[in-house]
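Work through these exercises with the sequence and the model in view. Try each task before reading its solution.

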Amino acid sequence: MQTVSIKLADDTKRRLNIAAAAQGLKPHALMVLAIEATLAQAERHQSFVTSALRSRQSCIETGLAIDGPTFGSYLKARVRGEPAKRPMAQAIESLLPTAA
C-alpha cells in the first residue's frame with residue numbers, strides 16, 4: 001500500500017477532525033472513505049456518460065429513437081405495476097415536430 005501526502009488548509013483540517021470525531025473515526029480513515037466514495041461516484045458517472053454516448057451513436061447509425069413522452073408513460077405504468085408494452089424505436093424524422 002502506498003503512502004500519499006496531502007496538504008490541507010487549516011480550516012479543512014479542522015473540519016476533517018470534527019467530522020471524523022463525530023463518526024468515531026480517525027481523520028485518516030475518513031479521508032480513505034471519502035476518496036473511495038468520490039472514486040465510486042466518478043466511475044458511475046463515467047459509466048453513465050459512456051452508455052449515453054453509445055446510445056447517441058446508435059441513434060446516429062440507425063436513424064431510430066424512442067419517443068420520450070411515450071417512453072415516460074411506459075415507465076410510469078411499469079412503476080405502478082400495470083402491464084405495458086415497451087415502445088418501439090421509430091425513425092427520428094417521424095418524432096420531430098413538423099414546421100407550421
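**Exercise 1.** Find the mean pLDDT of the protein chain, and say where confidence is lowest and where it is highest.

Solution. This is a predicted model, so start with pLDDT, the predictor's confidence in each residue from 0 to 100. The chain has a mean of 95. Of its residues, 98% reach 70 or more. Next, go to the helices. Confidence is lowest in helix H4, residues 92-95, with a mean of 91. It is highest in helix H1, residues 10-22, at 98.

**Exercise 2.** Describe the largest pocket: its space, its lining and the classes of the lining residues.

Solution. First, the space: about 360 Å³. Second, the lining. Met1, Gln2, Thr3, Val4 and Ile6 belong to it, along with His28, Met31, Val32 and Ile35. Third, sort by class. Six lining residues are nonpolar and three are polar. None is charged.

**Exercise 3.** Which residues make the nonpolar surface patch of about 280 Å²?

Solution. Val4, Ile6 and Leu8 make this patch. Now compare with the pocket: Val4 and Ile6 are also among its lining residues. Ile6 sits in the segment before H1.

Notes
Residues numbered from 1 in each chain as written. Predicted model: local features only at pLDDT ≥ 70, side-chain atom pairs only at ≥ 80, totals over all residues. Heavy atoms only, no water. Helix = DSSP H or I, 4+ residues; strand = E, 2+ residues; numbered from the N terminus. 1 Å grid on protein atoms, 1.4 Å probe; cavity = no way out; pocket = protein on both sides within 12 Å on 5 of 7 lines; lining within 4 Å. Points joined across faces, edges and corners; volume = space filled by probe spheres on them. Nonpolar A, V, L, I, M, F, W, Y, C, P; charged D, E, K, R; others polar. Patch = residues over 30% accessible without salt bridge, like charges linked within 9 Å, V, L, I, M, F, W, Y side chains within 5 Å. Areas by Shrake-Rupley, 256 points an atom, 1.4 Å probe, with all protein chains shown as cover. Salt bridge = Lys/Arg side-chain N within 4 Å of Asp/Glu carboxyl O.
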